[in-house]
Amino acid sequence: MITLTIDGKKIEVEEGATILQAAKKLDIKIPTLCYHPVVEPYAACRVCMVESSHRGRTELVTACNTKVAEGMDIQTSSQRALNARKMNVEMLLARAPAAEPVRDIARSLGITHSRFPVKDPEEKCILCGLCIRTCGEIVGAYAISFTERGTERQVSTPFGEPSEACIGCTACAYFCPTGAIVAEDLRGRKVIHDELLLGPTTAIRVPTRQAVPMVPYIDQEACIHFKTGECRICAKVCDREAVKYDMQDEVVDLEVGSIILASGFKSFDARRIPAYGYGRYPNIITALEFEHLVNASGPTGGKIKLADGGEPKAVGIVHCVGSRDENYNEYCSRVCCMYSLKFAHLIKEKTKAAIYDFYIDMRCFGKGYEEFYHRLLEEGAKFIRGRVSEITDFAASKEEEGRLIIRVEDTLLGIVRRIPVDMAILATGLEPSLDHKQIAKTFNISCSQDSFFLERHPKLAPMSTFSDGIFLAGTCQAPRDIPDTVAQAGGAAAEALALADKGTFALEPITAEIDKDLCAGCQMCVGLCPFTAITYDKEKGISVVNDALCKGCGTCAAACPSGAAQQKHFRDQQIFAEIEGILLV
Amino acid sequence: MAEKVKDKTFRIHLMVCAGTGCVSNHSFEIKEALEKEVKKHGMEDEVLVVSTGCNGFCERGPLLVVQPGNIFYQQLTVKDIPHLVEEHFLKGRPVSRLMYTPPREKRPIPVLNDIDFFKKQVLIALRNRGLIDPEKIEESIARDGYKAMAKALTEMTPAQIIKEVTLSGLRGRGGAGFPTGLKWEMVRGAKSTNGGGKFVICNGDEGDPGAFMDRSILEADPHAVIEGMVIGAKAVGGTEGVLYVRNEYPLAVKRLMVALDQARRLGLLGENILGSGFSFDIKVHRGAGAFVCGEETALIASIEGRLGEPRPRPPYPAQSGLHGQPTLINNVETWANVPVIVDRGAKWYSSIGTETSKGTKVFSVVGKINNTGLVEVPMGITLREIIYGIGGGIPGGKQFKAVQTGGPSGGCIPKEMIDLPIDYESLTKAGSMMGSGGMVIMDEDTCMVDIARYFLSFTQEESCGKCTPCREGTKIMLDILTRITEGRGTAQDLTLLEDMANAVKDSALCGLGKTAPNPVLTTLRYFRDEYETHIRDKKCPAHVCRQLNTYTIDPQACLEAGRGCDVCRRNCSSEAIRGEKNTVHSITQEKCIKCGVCFDVCQFHAVKVK
């Protein structure tokens with residue numbers, strides 16, 4: 001430990017700490033510009049100059065990088081230090097008059113204007129090098145550097161060309177203290193608005209805002225560390241040292257009595273309907289993206305904003321995107337009408353925008369739903385009945401210029417209308433999750449025509465499947481809203497509990513059996529069994545039926561070439577006897 | 001030995017200076033002419049023509065020294081050679097016409113050592129200048145080259161070497177004057193990481209305008225530097241050497257390459273040097289011409305292939321230098337001193353110089369002085385001895401005004417301090433610095449504001465731009481100075497200039513920025529009245545700042561002496577001069593743009609400047 005004095009106060013800090021760190025412990029504020037705790041100090045802005053007296057030598061040093069030494073006496077605001085600091089801030093103010101942090105420090109030092117000539121009143125770059133150090137030290141891409149020297153110095157890629165080394169991570173823009181770097185400026189590697197604003201913002205994140213457990217994870221595809229081996233910035237800032245890069249996905253084997261499948265849905269990909277312009281126009285967003293946007297903890301703090309940061313004057317909500325459409329999904333996704341109404345209500349509440357809902361039929365079937373619809377009608381949202389044919393920026397008149405135009409046939413009026421809006425929200429439908437086929441195969445369950453999992457009986461057993469002990473909950477079975485999902489999940493849980501409580505379950509009375517003397521071990525039945533109830537016993541060279549799995553469908557018995565597979569109670573002998581009995585009568 | 005030294009002897013050796021100054025004065029042609037003439041008279045077995053490194057008396061180039069006898073010929077032309085060869089080398093009658101005659105004297109001085117310029121010098125770093133062919137290692141060896149290295153490698157321990165260097169009192173000749181022995185001790189004590197070894201670097205990035213000390217050493221005696229580096233490597237445990245030379249010194253680079261090759265061939269460099277078991281090799285790294293790369297951390301960054309900009313110290317290169325390893329970095333002249341110290345001992349070396357500054361220092365004496373050139377003088381010598389003794393005074397009988405030492409970052413010392421003994425401390429006290437040894441002499445016709453502006457324009461141009469005060473401050477100060485020299489200065493400018501200079505000096509990151517305000521501060525300190533005249537009276541006392549001048553034509557001189565020659569009118573670009581041939585000319589002040597061309601072209605001193 002090292003003892004030093006800062007502004008007359010004694011403090012003990014660890015060896016290797018900087019003056020700035022020591023001052024922070026004493027709550028003494030030293031202004032900095034080019035300093036950032038996660039990168040190496042650069043000592044270039046010279047704003048953190050303090051006067052140091054040590055071993056009889058008094059000099060000005062930069063607090064950000066000067067290590068503390070035993071018996072050091074630091075004056076953070078001596079006249080000499082203040083003179084140098086003020087002069088440097090004043091010079092920076094002339095260089096970059098638009099840089100907010102410089103203006104802040106200048107204000108705090110009582111500098112109202114700079115006596116020196118201003119070259120560019122819009123200039124923001126203070127040449128602190130944070131972007132360059134970030135790109136090198138943290139990202140490991142080394143895509144940008146300083147070029148030229150003296151007052152000509154600037155941040156640039158090699159020869160000012162788009163850099164191959166740039167991975168488009170925009171970390172430079174993030175670290176830029178003055179906003180001199182904007183992500184859009186990264187030539188050739190433009191970051192489009194919806195990704196920046198609404199997409200996953202960082203590689204380490206909580207999967208969704210309501211995630212349970214509320215624990216962040218690292219997206220290895222997006223994480224810079226897994227690309228360049230550098231960065232590790234999340235580990236640097238985590239005091240609890242919780243971030244681990246060597247953690248691997250692991251497969252855990254669990255023995256359970258019953259399984260509830262709740263594999264969910266995936267949102268319809270609006271890009272599949274090119275006429276709706278999603279992905280081409282920045283202000284066309286999907287329902288999920290709007291949900292992000294309007295969330296109070298979202299990127300804009302819950303404010304509804306356009307790509308350019310402005311507020312929309314008119315918003316169109318397009319219902320049934322990918323639903324009730326024979327080209328995509330014929331079924332109704334059930335939830336879109338109601339969430340569209342919710343959006344309309346939120347937009348009304350937060351902005352002054354006009355709202356247009358384009359619907360085919362309003363399906364407000366739940367408790368209190370119809371009333372909500374009526375409330376919206378009273379609030380002034382305009383409902384236009386008809387399927388939207390196109391969303392375009394092709395203006396037919398002056399008023400339409402620079403806006404999005406929604407073309408729709410108003411089936412109530414019987415005319416084709418063009419509605420100019422600033423933002424279009426696509427009420428995308430629900431589709432089976434991407435891996436639903438794999439899941440169905442794993443659990444031996446079937447899918448209905450619309451690819452959702454098939455229940456055992458639509459009325460009598462809506463959460464059971466044909467495999468005993470496997471239950472369904474939520475949208476993996478069919479599109480449904482949250483109340484319905486909760487209800488079904490409760491039912492599925494009760495079924496599973498009932499099974500566990502009983503401790504036993506009744507076997508099918510009619511199962512198949514294989515006569516071991518007759519079986520030739522051809523394994524034909526093994527492949528045919530829809531319930532994977534038949535396995536091949538290598539040692540004995542015969543196929544064996546698992547009674548617990550067998551549902552007695554009889555496929556194996558019908559296919560067995562040697563007649564070894566027989567269905568109990570339906571042996572050839574018994575069937576023939578029955579036939580004989582009938583014939584006798 | 002790989003190559004057998006020729007044992008042939010010659011009657012006469014003609015040492016032709018092939019330093020850069022003389023080469024640009026056609027000394028290679030002189031050499032060719034000499035060889036041709038010698039052959040013509042059939043004396044090629046008697047007379048040997050040798051091209052040497054810089055002799056130092058560059059003002060008088062191209063130079064020839066005849067050995068034995070040390071006869072000094074100067075300002076030769078190819079036309080002089082047939083006569084010279086026939087008279088002197090054939091008939092034995094030295095040609096006094098081609099010898100050096102000091103200003104204000106009539107009789108030429110034939111022998112080099114009798115000339116004031118050489119007489120008062122003490123040669124240590126430049127010990128072999130003009131005496132050896134730098135491209136022949138044998139000649140260096142004949143002058144005790146590599147003797148000290150052999151001693152260090154075979155007889156001395158690293159501790160003994162460092163002790164010797166420490167006791168000698170040698171301090172860094174690059175500018176800051178850090179005690180060399182202390183630096184070596186630090187590098188020796190530092191541990192290299194991951195088996196990376198330690199580096200030994202020679203800083204030959206000499207960038208001061210008008211300075212050519214390092215260049216001359218490298219061109220005249222590259223082996224002295226190589227030898228010094230091997231000794232340094234042995235002392236600190238160095239494993240790899242880098243010689244950083246500016247690419248603008250092609251001759252130095254070439255001679256270094258030759259010297260390194262020859263040293264390797266003779267086993268004086270590389271694996272197992274002289275069978276001592278010590279291995280060390282040196283490679284040459286050429287700098288790209290940025291002044292700031294003379295700063296050690298910027299130089300290291302440049303060798304590593306990074307942007308040539310300094311970084312904060314500590315850690316010092318001695319702790320973490322090239323590739324993060326302990327690095328010993330010394331200036332060319334420092335290295336050249338090392339072999340002599342090891343050879344002749346610290347006691348002898350420390351007997352030269354002052355209490356705090358030992359040994360000698362090489363200065364390049366340039367500017368308004370008779371004997372421009374390179375001199376090596378003992379520390380503690382006064383400015384007067386250099387300027388009036390060695391330098392031969394100010395030309396044209398003008399008054400000495402000031403001397404600027406230490407390169408563009410140094411300060412101006414006024415004539416009142418001409419008896420200042422030169423060492424690190426006294427120069428710093430006077431507001432200047434030793435620097436790498438530039439010395440610019442100024443006479444009464446020099447404007448001190450303009451001088452400050454000139455040096456600042458250099459440092460401003462060369463500032464890397466990393467830290468705010470150096471990047472922005474030097475530019476703003478330069479703007480203020482330019483304003484003053486153009487007559488637009490205000491009373492507040494001087495206070496602002498002084499405040500800024502102090503802030504920049506106090507808060508810049510590296511030596512470049514910390515010293516850049518020195519010319520401004522010293523001229524403000526010693527010549528404040530000149531600034532005030534510029535601002536208050538809008539006049540430049542030395543008539544250098546042309547925007548402040550008023551040009552008039554003396555009618556009498558114009559008509560009587562020049563008979564209205566009309567040259568001024570024809571050269572005036574703004575048609576401000578009226579008159580025609582054989583009549584009196586006059587200047588229309590409203591039209592005059594003060595370019596000064598009329599003043600320059602008038603042969604009859606009829607154009608007056610006020």
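Predicted model: local features only at pLDDT ≥ 70, side-chain atom pairs only at ≥ 80, totals over all residues.

**Stop 1: chain A.** Select chain A and colour it by secondary structure: you'll find 16 helices and 25 strands. Its radius of gyration is 35 Å, well over the 25 Å that the globule rule gives for 585 residues, so chain A is more spread out than a compact globule. Of the 585 residues, 33% count as buried. Among contacts between residues at least 6 apart in sequence, 59% join residues at least 24 apart.

**Stop 2: where B touches A.** Now show both chains. The contact takes 22 residues from chain B and 24 residues from chain A. On the chain B side, pick out helices H17 (448-462), H18 (468-485) and H19 (491-507), the elements that each give two or more residues. H18(B) gives the most, with 7 residues. By type, the chain B side divides into 9 nonpolar, 6 polar and 7 charged residues.

**Stop 3: the cores.** Next, select A:Val102, A:Cys131, B:Ile217, B:Val225 and B:Met477: of the 236 residues in the largest nonpolar core, these touch the most other members. Helix H10 of chain B (residues 222-236) brings the largest share of this core, 9 residues. Zoom in on A:Val102: leaving aside neighbours within four places in sequence, A:Val102 is in contact with A:Leu33, A:Val89, A:Leu92, A:Leu93, A:Ala96 and A:Ile126. Last, look for another core apart from the largest one, with 47 residues, among them A:Ile273, A:Cys320, A:Phe358 and A:Ala381.

Methods
Residues numbered from 1 in each chain as written. Chains lettered and ligands numbered in written order. Contact = placed C-beta atoms within 7 Å. Helix = DSSP H or I, 4+ residues; strand = E, 2+ residues; numbered from the N terminus. Nonpolar A, V, L, I, M, F, W, Y, C, P; charged D, E, K, R; others polar. Core = buried A, V, L, I, M, F, W, Y, C linked by C-beta atoms within 7 Å. Buried ≥ 20, exposed ≤ 12 C-beta atoms within 10 Å, placed from the backbone. Rg over C-alpha atoms; globule rule 2.2 N^0.38 Å.
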